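Have the sequence and the model open as you read.

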Amino acid sequence: LSSLYSGKNLAFNISIFSAITRVSGYHDGFPGNASNMLFAYNLAEETSLFMAISYFISSIKQHLNSLNKSAEELRYLSYHDKLTELPNRVLLSDRIQQAIAAAKRDKVQMVLMFIDIDKFKPINDALGHAIDDLLLKEIATRIQNCLRESDTAARIGGDEFVVLLPVITEKQDAMLIAEKICSTLNQPFEL
């Protein structure tokens, strides 16, 4: 019995690792590469099979945590602009559909504003992409600072933004917000 746990029985150890792999649902073998399996086997020879299994399970947990984090990041990026972190077209479309349904149901008005930054290409050509990115981030922040909590600012591409005001009781309220956005974007930018 002690020879089974001493690491001298390679077939037994590999069958244990195979069994753990099947039970855990992890079908690609050890996380990373073959060196992890060799390290775990050497660990079994020097200490115990229990330690090797613990290492194996720990490796799987680390790998799964890494995969979960990557999946969360991908999920976030599928709904947000990578540069400005504003909602993108996909999330904006969903919010517009919700706003239309709510406006019909509650018999209120909603407003969509399209914002295109004039003469942005010459700035990009003259100062480069790094400054261009900083400017777009600052524009996004300024637009968001003009909105209410329930409103949405989205970047739909390049220098184009959309603002959704899902509930407007008076048309003048939308005009005030539009003027506020224009005023703040006309202020000098310090990058």
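## Surface and burial

The chain exposes about 12,500 Å², and carbon and sulfur atoms supply 56% of that area. Please keep in mind that this is a predicted model. Of the 191 residues in the chain, buried residues make up 33%.

## Fold at a glance

How many helices and strands does the chain have? The secondary structure comes to eight helices and three strands. Following the sequence, you will read the pattern α-α-α-α-α-β-α-α-β-β-α.

Contacts also tell us something about how the chain is put together. Taking contacts between residues at least 6 apart in sequence, 60% join residues at least 24 apart.

Side chains of opposite charge can pair when their charged atoms come close. With a cut-off of 4 Å between a side-chain nitrogen of Lys or Arg and a carboxyl oxygen of Asp or Glu, the count comes to five salt bridges.

Asp-81 forms a salt bridge with Arg-155, and their closest N and O atoms are 3.0 Å apart. Asp-81 lies in the loop between α4 (49-77) and α5 (89-106), while Arg-155 sits in strand β2 (residues 152-157), so the pair ties together parts that are 74 residues apart in sequence. Are these two partners buried or exposed? Asp-81 has a relative accessible area of 15%, which makes it buried, and Arg-155 also counts as buried, at 13% relative accessibility.

## A salt bridge within a helix

Next, look at helix α7 (residues 129-145), where Arg-142 and Glu-138 are four residues apart and thus separated by about one helical turn. Arg-142 forms a salt bridge with Glu-138, the closest N and O atoms being 3.1 Å apart.

## Arg-148 and Asp-151

Which residue does Arg-148 meet in a salt bridge? Its partner is Asp-151, with a distance of 2.7 Å from N to O. Arg-148 is partly exposed, with a relative accessible area of 36%. Asp-151, by contrast, counts as buried at 8% relative accessibility, because buried means under 20% relative accessible area.

Terms used
Residues numbered from 1 in each chain as written. Predicted model: local features only at pLDDT ≥ 70, side-chain atom pairs only at ≥ 80, totals over all residues. Heavy atoms only, no water. Helix = DSSP H or I, 4+ residues; strand = E, 2+ residues; numbered from the N terminus. Buried < 20%, exposed > 50% of the residue type's maximum accessible area, 1.4 Å probe, protein only. Contact = heavy atoms within 4.5 Å. Areas by Shrake-Rupley, 256 points an atom, 1.4 Å probe, with all protein chains shown as cover.
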